[in-house]
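Have a look at the sequence and the fold first, and then we can walk through the details together.

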Amino acid sequence: TQSCPDEESSDCKAVRVSIADLTDTEMDLVLARSFKRQKEEGFPKNELVSVKRSDATDSIAYASQTQLFDVPDAGLAWRIVILSPTELSGEDTILPGDILFPLLIAVALFGFLVCLFLLFRFFKHRSERTVIAADWRFTGAFITGCALLNTASLSFLGPNTDPLCLLRMWMFHLFFAATVSPLLIKTYRMTKLVGGSNALKRVKISHTKAFLMTLPIFLAQVVILLIFTFVDPSKQHEEIEMRGGNVQQRITCAQNTHALFIVELLFEGGLCLAGCILAFKSRHLEGDFGEAKQLIIAMYNLA
């Protein structure tokens, strides 16, 4: 990788050096790292293997290929390493300067402020009969959860680093549980208290007991996220793709398996399904208490 000081001089001679021993220049280190990655992957044919100058996120990346150069009569069995610089794709990140950057901030803040306005109005009129019948405490908790869900959108701003990937996983799923749990328990309590008013046995569910009933849903979500944080966390994932003759590097947030997606689909989908069933069961309640249509719409939007 070094040029001869004097190409016409006979003092220069060819010296065979193992590629792992190339350390004189920056590109020597890239070649050595590339060969090591290719060897670890088993020298795949017709596949690109990515390699970077360093482990830093913003380090220049290269796509590497190897080709066997074999001359049995001369006793040669070489691996030719071909490196191509890549272009970093901007499709997977929302950074300052991107048109989506201010748009996402505006939409998230608008949703957050709308929820705060509704929460303020609900709290201000909490002594009115209609608001009391709507169970303003749990409805307010639901609106607060919706406000937090809007802020979760802000976590998608910035580069796809390991900490941000993990933060996105936690914020969305945790705030979802915080949003759906008070709505689900509110609907359940309404069907028990009002729907069972004609029963011989009187049913009583206090505010404290109803609040404690929301905790298992929230804690179950915390346990799920803690398990996957250590077992299969969402982290930075690099891909090298060929697009229109150009080699592009894509940095996304991904997990090694689809296990979290399946678990959350069953868990969160089950919560939404249970909420829809409870809302449907409350459709025959009196007008002052029955909110079947509104509850089903809320569950549908969450799903």
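Predicted model: local features only at pLDDT ≥ 70, side-chain atom pairs only at ≥ 80, totals over all residues.

## Surface and overall fold

Of the 303 residues in the protein, 35% are buried.

The protein has eight helices and six strands. Reading from the N terminus, the elements follow the order α-β-β-β-β-α-α-α-α-α-β-β-α-α. Among contacts between residues at least 6 apart in sequence, 59% join residues at least 24 apart.

## A hairpin to look at

Strand 2 (residues 61-71) and strand 3 (residues 76-85) run antiparallel and are joined by ten bridges. The two strands form a hairpin, with four residues between them. Val-71 in this pairing stands opposite Leu-76 of strand 3. In the turn you will find Gly-75, which has a positive phi of about 70°. As a general point, side chains in a regular strand alternate between the two faces of the sheet.

## The cysteines

How many disulfides does the structure hold? There is one, and it joins Cys-165 to Cys-253 with an S to S distance of 1.9 Å. The torsion about this S-S bond is about -75°, so the disulfide is left-handed. The pair links distant parts of the chain: Cys-165 belongs to helix 5 (residues 162-193) and Cys-253 to strand 6 (residues 246-254), 88 residues apart.

| Residue | Relative accessible area | Class |
|---|---|---|
| Cys-165 | 1% | buried |
| Cys-253 | 28% | partly exposed |
| Cys-115 | 12% | buried |
| Cys-272 | 7% | buried |

Cys-253 counts as partly exposed because its 28% falls between the cut-offs of 20% and 50%.

## A nonpolar patch

Which residues make the nonpolar surface patch of about 540 Å²? They are Val-223, Leu-226, Ile-227, Phe-230 and Val-231. Phe-230 lies in helix 6 (residues 207-231). Is Phe-230 buried or exposed? With a relative accessibility of 72%, Phe-230 counts as exposed, because the cut-off for that class is over 50%.

Terms used. Residues numbered from 1 in each chain as written. Heavy atoms only, no water. Pairing = 2+ DSSP bridges. Disulfide = S-S within 2.5 Å. Buried < 20%, exposed > 50% of the residue type's maximum accessible area, 1.4 Å probe, protein only. Patch = residues over 30% accessible without salt bridge, like charges linked within 9 Å, V, L, I, M, F, W, Y side chains within 5 Å. Areas by Shrake-Rupley, 256 points an atom, 1.4 Å probe, with all protein chains shown as cover. Salt bridge = Lys/Arg side-chain N within 4 Å of Asp/Glu carboxyl O. Contact = heavy atoms within 4.5 Å.
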